[in-house]
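Visitor: I'd like to walk through this one with you. Can we put it up and start talking?

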Amino acid sequence: MSDLSILHNPRCSKSRQTLQLLHDKGYEPHIIEYLKTPIREDELTQIIYQLGFSSARQLMRKGEDAYKEQNLADPSLSEDLLITAMLNHPKLIERPIVRYKGKAAIGRPPESVLDIL
């Protein structure tokens, strides 16, 4: 299933649980360890669209130090700046993200990814 992928962080329990759930359901996703293999700007923009988010900020982990240090909560920041921040600091990207046939879902809770399969 080359069109099924997961943006995965093996250190994240929700990411591990989501990957295990996919395996338990018989799926073999392409695993992208996005902290080791950064995603491109066009991919991140597409993910935001596939998730149905109106802002890149919805994909950000607001508890991360980089979010606070860069004052990313500032509502005047542009979408381009938010996307650039996630590209420069991939830990800011919420995880895990499962993509399948033009759709995407965040595995929080892990079962939520089943809606797009």
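Visitor: Where is the place of serine 5?

Guide: Keep in mind that this is a predicted model. Serine 5 sits in strand E1, which covers residues 4–7.

Visitor: What does serine 5 touch, leaving aside residues up to four places away in sequence?

Guide: Its contacts are Pro29, His30, Ile32, Ile97, Val98 and Arg99.

Visitor: Over to alanine 56. In which loop does alanine 56 lie?

Guide: Alanine 56 is in the loop between helix H2 (41–50) and helix H3 (65–69).

Visitor: And what makes alanine 56 buried?

Guide: Its relative accessible area is 0%, and the cut-off is under 20%, so alanine 56 counts as buried. Beyond residues up to four places away in sequence, alanine 56 touches Ile48, Glu79, Leu82, Ile83 and Met86.

Visitor: Which residues touch the most other members of the largest nonpolar core?

Guide: Leu59 and Met86, out of 24 residues in that core. H2, H3, helix H4 (79–88) and strand E4 (103–106) each supply at least two residues, and H4 gives the most, with four.

Visitor: What does methionine 86 touch, not counting residues up to four places away in sequence?

Guide: Leu44, Ile48, Ala56, Leu59, Met60, Leu92 and Ile93. There's also a second, separate core of ten residues, among them Leu4, Ile6, Tyr27 and Val113.

Conventions
Residues are numbered from 1 along each chain as its sequence is written. This is a predicted model: local features need pLDDT of at least 70, side-chain atom pairs count only at pLDDT 80 or more; totals for chains, interfaces and linings use all residues. Side-chain values use heavy atoms; hydrogens and water are left out. Buried means under 20% relative accessible area, exposed over 50%, partly exposed in between (1.4 Å probe, protein chains only). Contact means heavy atoms within 4.5 Å. A nonpolar core is a set of buried Ala, Val, Leu, Ile, Met, Phe, Trp, Tyr and Cys residues joined through side-chain atoms within 4.5 Å.
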